[in-house]
Every structure is written in C-alpha cells, then in structure tokens.
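Here's a quick briefing to read with the structure open beside you. It goes through some helix packing, then a loop, then aromatic pairs.

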Amino acid sequence: MGRKAEVQRALLEKLMGPEAMGTANATLHFTDDKVCKNFLCGICPNDLFSNTKVDLGPCPRSHTAKLKDDYDAALSKGDRYAQFEVEHENSIRTFMADIDRKIAANKRRIDISPEETAKFTNLMRDIQDLEAAHDAATKEVERLGEAGEIEASLAELNKAEALKQEKSDRERDLQVLSDSAGASGHQKLRVCDVCGAYLSILDSDRRLADHFGGRMHLGYLKLREVIQGFDDRRARGEDPRTFLAQRGPGPLKGINGTSNGTSSGPAPPTGPGGQGADDGYRRREDERDRDRRDRDRERDRGSDRDRERERRERRGGADYR
C-alpha cells in the first residue's frame with residue numbers, strides 16, 4: 001500500500017473508528033465479512049493504483065497479514081473456500097470490465113480499426129525489441145574491441161548496423177500506418193490495449209517507456225494476468241463454481257469436508273432460527289452484489305462525465321495524451 005493510501009486509511013480510522021474501517025481485532029476471523037477476500041485470494045485493486053490518477057483509496061476491508069497467514073494455513077490443511085474464490089474472481093472481472101469499456105470507447109473516438117490497432121501494437125513492440133538488441137550489440141562491439149578481438153568486433157558491428165537499419169524500417173512502417181489510419185483529427189493517437197491511455201507516435205522512446213513501465217499500466221497488466229489465471233483454472237476443471245455446485249446447499253465447507261474454521265479457527269456463527277453460516281453468507285453476497293451494482297452505476301456516470309469533458313476539450317483543440 002502506498003503512502004497516500006496509508007494516510008487516507010489512518011484519517012478514516014481516526015474519524016470513523018477502526019471497526020468501521022474493517023480493521024482486524026483479536027477476535028476477527030478470516031471468514032468475517034470485514035476481511036477483504038481479494039486480499040486473501042490474490043490481489044486487491046486498491047493496493048495496485050495508489051498514487052496514480054486512478055487511485056482507489058484504501059480498501060474498506062481488512063488487509064491484515066495474520067489473517068492471510070491463517071487463510072493460507074487452512075488451505076494447506078486441505079480446506080477450500082470456493083465461495084471466496086468466486087467473490088475474488090467476480091470482483092476482478094467486474095473491475096476490469098470497466099477499463100475494457102473505456103478502451104473500446106477510446107478506440108471508437110479515434111476511429112481506428114482493431115486490425116490497425118494490432119499492427120500499431122506489434123510495430124511498437126518490434127521497435128522496442130530491436131532497440132534493446134542494438135544496444136546490446138553495441139556494448140558487445142566495445143567489449144570485443146577492448147579485448148583485442150578485432151574480427152569478432154567487426155562482425156558484431158555489422159550485426160548492430162543491421163539491427164539499426166531494421167529498426168529504421170519498422171519506424172518507417174509505423175509512420176506510414178499512422179498517416180493512413182483513423183480519422184484526420186486523430187491520426188497521431190493510439191489507445192493502449194492494457195490500460196486505455198492515449199499514446200502518440202510523436203512521443204519519444206523515453207516517454208513510451210515511462211508509460212509501459214508506469215504503475216497504472218503495470219497494475220492493469222497484473223490484473224489481466226490474474227484473469228488469465230482464472231481462465232487457466234477453469235480450463236483445468238478447477239472452477240470454484242463447479243465445486244460449489246457439487247457441494248450443494250449447506251454450511252460452508254472446505255474440500256476435506258470439515259466446516260469452515262473447524263481446522264483453522266473458530267467457525268462462523270450460526271444465525272437465529274436455526275439458520276447456518278451459509279444463510280448469513282448468502283445475505284452478505286446479496287449485499288455485496290448490490291454494492292457492486294452501485295459502484296458500476298457510479299463508474300458509468302463518471303465515464304459519461306469524462307466523455308463529455310473530452311468532447312469539450314476536443315472542440316477546443318486539446319491534445320489527448
């Protein structure tokens with residue numbers, strides 16, 4: 001968690017109290033609704049984007065290392081909390097669906113076909129790879145020259161010159177593609193397929209490197225890798241939804257058949273009227289679904305405001321970067 005997020009969490013805890021912020025206490029168990037299931041199962045988006053322009057602020061649920069250790073210990077004993085895995089996957093997919101909508105909208109604004117975007121991305125990647133190979137070859141020329149290996153140094157120099165020429169050819173292809181693609185007002189702009197940011201072919205290599213190595217871009221790249229992990233898990237037949245369907249209704253259980261917490265901590269409380277922990281979990285799931293829908297609506301409203309602002313800026317001749 002970044003420094004900004006830590007300060008925000010401290011201020012909120014001071015104003016609202018630690019319990020309202022979901023801070024773990026001596027009796028808090030990892031099955032408690034106050035514990036962040038994203039944190040337990042993998043990664044929480046709130047931790048990825050601190051101190052960026054998409055800073056989400058501190059997560060309202062607990063991210064306590066001890067609870068994560070307790071959860072991992074339960075997994076090592078054979079328990080499986082598939083409902084937590086489902087919640088984690090739904091949360092990450094919902095979060096990334098928003099950025100995918102933004103990427104699609106940004107591409108429509110500059111009117112570039114998916115084929116043109118793919119060509120642009122491939123050319124940019126080729127240029128970066130060729131530049132790295134050229135730099136490595138240049139260093140090898142210097143090393144061989146200092147070692148007195150003249151023939152080998154000349155051969156490496158020819159290799160470096162060939163890489164330089166190939167890079168120039170790719171840059172020329174990129175320029176031709178840019179001049180022929182998209183609407184006239186946006187020919188120099190492209191959209192990053194990972195994070196949705198606008199890129200320009202007029203940007204320097206350093207500026208592009210700063211973008212691809214930036215915290216926001218890397219954060220979205222990490223979440224896309226997490227989603228790929230979900231897809232791989234499903235392909236292996238390990239989808240947690242399948243496990244829940246086979247388990248059927250009843251108390252929360254791990255794969256060894258023991259109830260939630262029997263082997264790794266106190267069991268979730270049983271509700272009034274003889275209802276078990278599963279009923280309480282379903283109620284919490286319904287509440288979380290409502291919260292997610294509210295967040296989606298708020299993001300959609302924010303996207304509408306962003307589009308309106310961009311339309312005004314475009315009319316004023318602003319340069320998207």
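Helix 5 passes helix 10 in a left-handed crossing. This is a predicted model, so take what follows as computed from it. Helix 5 also crosses helix 9, again with left-handed geometry.

**Helix 5 against helix 10**
- Helix 5 covers residues 82-110 and helix 10 covers residues 240-247; their axes come within 8 Å and cross at roughly 140 degrees.
- On the helix 5 side, the residues that touch helix 10 are Ala82, Gln83, Glu85, Val86, Glu89 and Asn90.
- Helix 10 answers with Pro240, Arg241, Phe243 and Leu244.
- Sorted by type, the residues of this contact are five nonpolar, two polar and three charged.

**Helix 5 against helix 9**
- With helix 9 (residues 215-235), helix 5 packs at an angle of about 130 degrees, and the axes are 10 Å apart.
- Because of that angle, helix 5 counts as oblique to helix 9.

**Asp55 in its loop**
- Where does Asp55 lie? Look in the loop between helix 3 (45-48) and helix 4 (65-76).
- The Asp55 side chain reaches the backbone nitrogen of Asn51 at 2.9 Å.
- A polar atom of that Asp55 side chain also lies 2.7 Å from the backbone nitrogen of Gly57.

**Aromatic pairs**
- The count of aromatic pairs comes to eight.
- One of them is Tyr71 with Tyr81, a tilted pair with 5.9 Å centre to centre and 45 degrees between the planes.
- Tyr71 sits in helix 4 and Tyr81 in the loop between helix 4 and helix 5, so the pair ties together parts that are ten residues apart in sequence.

Terms used
Residues numbered from 1 in each chain as written. Predicted model: local features only at pLDDT ≥ 70, side-chain atom pairs only at ≥ 80, totals over all residues. Heavy atoms only, no water. Helix = DSSP H or I, 4+ residues; strand = E, 2+ residues; numbered from the N terminus. Polar contact = N/O pair within 3.5 Å; in protein donor to acceptor, adjacent residues only side chain to side chain. Axes fitted to C-alpha atoms, helices over the stretch in contact; angles between N-to-C directions. Left-handed = near helix turned anticlockwise from the far one by under 90°. Contact = heavy atoms within 4.5 Å. Nonpolar A, V, L, I, M, F, W, Y, C, P; charged D, E, K, R; others polar. Parallel < 35°, antiparallel > 145°, perpendicular 65-115°, else oblique. Phe/Tyr/Trp six-rings, centres within 6.5 Å; stacked < 30°, edge-to-face > 60°.
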